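Grab a pencil and let's work through a few exercises together. Each one gives you a task, then a solution that goes step by step.

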Amino acid sequence: MTPEIRRARTAYWWVGVILPLALIALASIVVLAWLPEVPDPAAIHWGPDGVDGFAPRWTPLVLLIGLGGGVVVLFAFIALFSHRLPQRGAAAPVPQPQWSATARLLGATSLGMAGMMATLAIVTTAAQRGLADAADAADITPWVPVFLVVLAALSVAGWFLQPKTAIPARPSDAPAPPLPLADHERAVWMRSVSIAKSGQIVLGIGVFFAIAMTVLLLAQGIAAGWITAAVSLLLVVVVVTGLSFRVRASPAGLRVRSAAGWPRLAIPADEIASTRSIQVDPFAEFGGWGYRIGTDGRRGFVLRAGEALEVTRTNGRVFVVTVDDAGTAASVLAAAARR
């Protein structure tokens with residue numbers, strides 16, 4: 001680990017974990033001290049006509065600690081766990097980036113979210129202190145811009161409090177040579193690729209977290225629970241359709257299709273300009289797993305770190321799919337493109 005990476009990881013611990021948890025802890029102490037003065041049930045949601053949602057008075061404290069702390073822990077798990085994993089499928093060891101701009105963004109967002117939720121919990125609790133009926137609580141709509149400013153300001157501050165880290169340069173591989181075939185011969189190459197275990201763990205935790213929040217909100221009769229339910233359903237669909245893909249290189253070109261049938265992508269052989277086998281890192285170069293757009297404009301299905309097939313189209317666009325034995329696939333496609 002270089003001194004640059006060590007500084008970046010230390011900065012993340014302070015910006016993305018210690019400070020956010022400190023803000024949540026301080027806000028929790030304030031809310032806990034005010035709870036005896038808050039009516040039961042307490043107001044937990046405000047609409048155009050005032051308070052329209054109620055729950056036990058300890059609910060805001062539980063949401064602050066559970067949701068706020070959960071976001072901090074989840075982001076920290078993603079950032080720290082994903083940047084210490086070994087590569088898979090590489091023909092030879094290649095230095096793997098131990099930090100990235102994605103981790104820096106997660107730390108900044110963690111600080112902003114914690115600050116906003118701490119402010120929200122304090123404001124909503126203060127609006128009910130000393131009341132006999134939570135329905136009489138003052139409208140908190142004027143505070144909404146303050147919540148957004150806190151979120152934005154702390155996120156920006158968190159970004160600049162962390163140092164920038166450069167992605168280590170990787171050796172540039174030459175385009176793959178066409179597979180030597182006789183005029184009457186044809187070659188077809190097929191492989192299946194699944195998302196890395198680290199991705200499965202992180203996505204599984206994310207889905208569980210979203211579903212748990214949905215159950216909690218709906219159990220309390222909070223209308224926002226239907227929003228989180230829709231988000232959870234969308235998240236489940238995205239995860240299920242992105243877990244495994246089938247990659248096929250043939251005289252017709254490249255075809256990549258999800259095991260669920262969608263999403264899919266096809267590049268005809270006459271649209272292939274060049275192919276090669278490369279090494280990629282999901283977080284450092286593409287910001288995560290799944291269908292991604294890289295920092296350099298490349299697009300593709302990035303399911304784990306290591307070996308990948310890169311196809312440059314005749315229009316200049318570059319497509320990437322992580323798969324083992326990518327060199328053979330590149331040669332098959334190069335032969336198909338030459339023909």
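**Exercise 1. Find the bridge partner of Phe245 in E5, then build up the sheet around that pair.**

Step 1. Phe245 has Ser258 as its bridge partner in E5. Before going on, note that this is a predicted model, where local features need pLDDT of at least 70, side-chain atom pairs count only at pLDDT 80 or more, and totals for chains, interfaces and linings use all residues. Residues are numbered from 1 along each chain as its sequence is written, and side-chain values use heavy atoms, with hydrogens and water left out.

Step 2. Zoom out to the two strands: E4 (residues 244–250) and E5 (residues 253–258) pair in the antiparallel sense over 6 bridges. Strands here are DSSP runs of E with at least two residues, helices are runs of H or I with at least four, and both are numbered from the N terminus. Two strands pair if DSSP finds at least two bridges between them.

Step 3. Now place them in the open sheet of 4 strands, which has the order E3-E4-E5-E6 and antiparallel pairing. E3 (189–194) and E6 (264–268) stand at the edges with a single partner strand each, so one side of each has no neighbour in the sheet. From one strand to the next, the twist averages 10 degrees.

Step 4. Look for a helix: H8 lies across E3, E4 and E5, at about 40 degrees to E4. Axes are lines fitted to C-alpha atoms, for helices over the stretch in contact, and angles run from 0 to 180 degrees between N-to-C directions.

**Exercise 2. Is strand E1 largely enclosed or open, and why?**

Step 1. Count the buried residues, where buried means under 20% relative accessible area, exposed means over 50% and partly exposed lies in between (1.4 Å probe, protein chains only). In E1 (residues 42–47), 5 of the 6 residues are buried, so the strand is largely enclosed by the rest of the structure.

Step 2. Find the partner: E1 and E2 (residues 50–55) run antiparallel and are joined by 5 bridges. A hairpin connects E1 to E2 through 2 residues, and the bridge partner of Gly47 in E2 is Gly50.

**Exercise 3. Trp13 and Ser110: buried, partly exposed or exposed?**

Step 1. Trp13, in helix H1 (residues 3–34), is partly exposed, with a relative accessible area of 42%.

Step 2. Check the contacts of Trp13, where contact means heavy atoms within 4.5 Å. Leaving aside neighbours within four places in sequence, Trp13 is in contact with Ile18 and Leu80. Trp13 and Leu80 are 67 residues apart in sequence, yet 9.4 Å apart in space, C-alpha to C-alpha.

Step 3. Ser110, in helix H3, is buried, with a relative accessible area of 0%. With neighbours within four places in sequence left aside, Ser110 is in contact with Gly16, Pro20, Val72 and Phe75.

**Exercise 4. How many helices and strands does the chain have, and what share of its residues counts as buried?**

Step 1. Tally the secondary structure: 8 helices and 11 strands.

Step 2. Of the chain's 339 residues, 45% count as buried.

Step 3. Finish with contacts between residues at least 6 apart in sequence: 67% of them join residues at least 24 apart.
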